[in-house]
Amino acid sequence: MKFLLLTLAALLLLSQLTPGDSQRCWNLHGKCRHRCSRKESVYVFCTNGKVCCVKPKYQPKPKPWLF
């Protein structure tokens, strides 16, 4: 039983320390990073000071100006 608890505690700790996990943004279509890849672009900023990298197909289309 102690071994099971120790294993669960270790797995929980490792899941928190795993690199590469990034915060989601823009209706879960983007990821908060320091830099975006070539296929992504910056649309908004995240609450942690990073930029929200979103693929162009998930960004809203610009509407033409109506005067």
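Modeller: Let's begin in the core. The largest nonpolar core has five residues in all: Cys 25, Cys 32, Cys 46, Cys 52 and Val 54. A nonpolar core here is a set of buried Ala, Val, Leu, Ile, Met, Phe, Trp, Tyr and Cys residues joined through side-chain atoms within 4.5 Å; buried means under 20% relative accessible area, exposed over 50%, and partly exposed in between, with a 1.4 Å probe and protein chains only. This is a predicted model, where local features need pLDDT of at least 70 and side-chain atom pairs count only at pLDDT 80 or more, while totals for chains, interfaces and linings use all residues. Residues are numbered from 1 along each chain as its sequence is written, and side-chain values use heavy atoms, with hydrogens and water left out.

Two strands count as paired if DSSP finds at least two bridges between them. Strand 4 (residues 51-54) has Val 51 and Cys 53 pointing one way and Cys 52 and Val 54 the other, and all are buried. In a regular strand, side chains alternate between the two faces of the sheet.

Strand 4 is joined to strand 2 (residues 30-33) by four bridges, and Cys 32 stands opposite Cys 52 there. Lys 31 faces Cys 53 in strand 4 as well. Strand 3 (residues 41-45) also pairs with strand 4 over four bridges, where Phe 45 has Val 51 as its bridge partner. These two strands make a hairpin with five residues between them, and Gly 49 in the turn has a positive phi of about 90 degrees.

The whole structure holds three disulfides, each a pair of cysteine sulfur atoms within 2.5 Å. Cys 25 and Cys 52 form one, with sulfur atoms 1.9 Å apart. Since Cys 25 lies in strand 1 and Cys 52 in strand 4, this pair ties together parts that are 27 residues apart in sequence. The torsion about its S-S bond is about 95 degrees, so the disulfide is right-handed.

Cys 32 and Cys 46 form another, with their sulfur atoms 2.0 Å apart. This pair links distant parts of the chain, with Cys 32 in strand 2 and Cys 46 in the loop between strand 3 and strand 4, 14 residues apart. Its torsion of about -95 degrees makes it left-handed. Cys 32 is buried at 4% relative accessible area, and Cys 46 is buried at 11%.

A further disulfide joins Cys 36 to Cys 53, S to S 2.0 Å. Cys 36 lies in the loop between strand 2 and strand 3 and Cys 53 in strand 4, so the pair ties together parts that are 17 residues apart in sequence. Cys 36 is partly exposed, at 23%, whereas Cys 53 is buried, at 1% relative accessibility. Counting bonded cysteines along the chain, the disulfides follow the pattern 1-5, 2-4, 3-6.

Leaving aside neighbours within four places in sequence, Cys 25 is in contact (heavy atoms within 4.5 Å) with Gly 30, Lys 31, Cys 32, Cys 46 and Cys 52.
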